[in-house]
Amino acid sequence: MKPLLPLLALLLLAACTSTERESSGRGLVETIPADIKGESSSTETVGETARNHAYVRRFYQKNGQYYVDVDYIQFLNGEAAVAAARRKGDAQEEVVQGDTVYSVFNDYYIVNDNPQVQTLRLDPEATLTFWRSGENGLERFPASPAKVQANVPKVLFLSPFVVETQQGIVTSLAEQYVP
């Protein structure tokens, strides 16, 4: 029985060390999945399309052109969302079988570290896409800038949007589905 005692003590020590490291965040290596990296705010290369998440702060028409004021954000999910929420102290904690498990509500987390607003011009052929409840459940519907200007939906200023630009001009503005 005595030879098992050191082994049990070693296993107990290893289990405590693992939980401490996980709960304190020491040694945590954060990896952002490739599909999320493309959704983070980035700088567009001339001639290429940039795809970024943002909140729409204002939508208006001036001198026959449509403009949108956007506040770029990071819309994260999965491991990247949990890591960001942990850094900000917003992650939900739960102890499962002695280990601390972190999560975020509905598996997404929004980071807005720089609330700077940028004004962008909309391409005359830009498409705006929204979610709505239809006959077959949730569906997407497109709208032109003129249609949106005539009847601005409240969701335009509440939901995050995916903003696609080409050489600084908005070509697409699509409401991000938020569960």
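Modeller: Start with helix α3, residues 78–88. Its buried residues are A80, A81, V82, A83, A84 and A85. Bear in mind that the model is predicted. Just after α3, G89 takes a positive phi of about 80°.

Colleague: What makes strand β3 count as lying largely in the open?

Modeller: Buried means under 20% relative accessible area. Strand β3 covers residues 92–96, and of these five residues the number buried is zero. Therefore β3 lies largely in the open.

Colleague: How do you know that β3 and β4 pair?

Modeller: Pairing takes at least two bridges. Five bridges join β3 to β4 (residues 99–103), so the two strands pair. They run antiparallel. E93 stands opposite Y102 in β4. The hairpin has two residues between the strands, and Q97 takes a positive phi near 50° there.

Colleague: Why is R86 said to lie over the face of Y102?

Modeller: The distance limit is 6 Å from CZ of Arg to the ring centre, with an angle limit of 35 degrees from the ring normal. R86 lies over the face of Y102 at 3.8 Å from the ring centre, so the distance is within the limit. The charged end of R58 likewise sits over a ring, that of Y60, 3.7 Å from its centre.

Colleague: How many aromatic pairs does a search of the whole structure find?

Modeller: Six. One of them is F59 with Y66.

Colleague: Why is the pair of F59 and Y66 called stacked?

Modeller: Centres must lie within 6.5 Å, and planes under 30 degrees apart count as stacked. F59 and Y66 are 6.0 Å centre to centre, with 20° between the planes, so the pair is stacked.

Colleague: Are F59 and Y66 buried or exposed?

Modeller: The limit for buried is under 20%. F59 has a relative accessible area of 8%, so F59 is buried. Y66 comes to 15%, so Y66 counts as buried too.

How values were computed
Residues are numbered from 1 along each chain as its sequence is written. This is a predicted model: local features need pLDDT of at least 70, side-chain atom pairs count only at pLDDT 80 or more; totals for chains, interfaces and linings use all residues. Side-chain values use heavy atoms; hydrogens and water are left out. Buried means under 20% relative accessible area, exposed over 50%, partly exposed in between (1.4 Å probe, protein chains only). Helices (H or I, at least four residues) and strands (E, at least two) are DSSP runs, numbered from the N terminus. Rings of Phe, Tyr and Trp (its six-membered ring) pair if their centres lie within 6.5 Å; planes under 30 degrees apart count as stacked, over 60 as edge-to-face and the rest as tilted.
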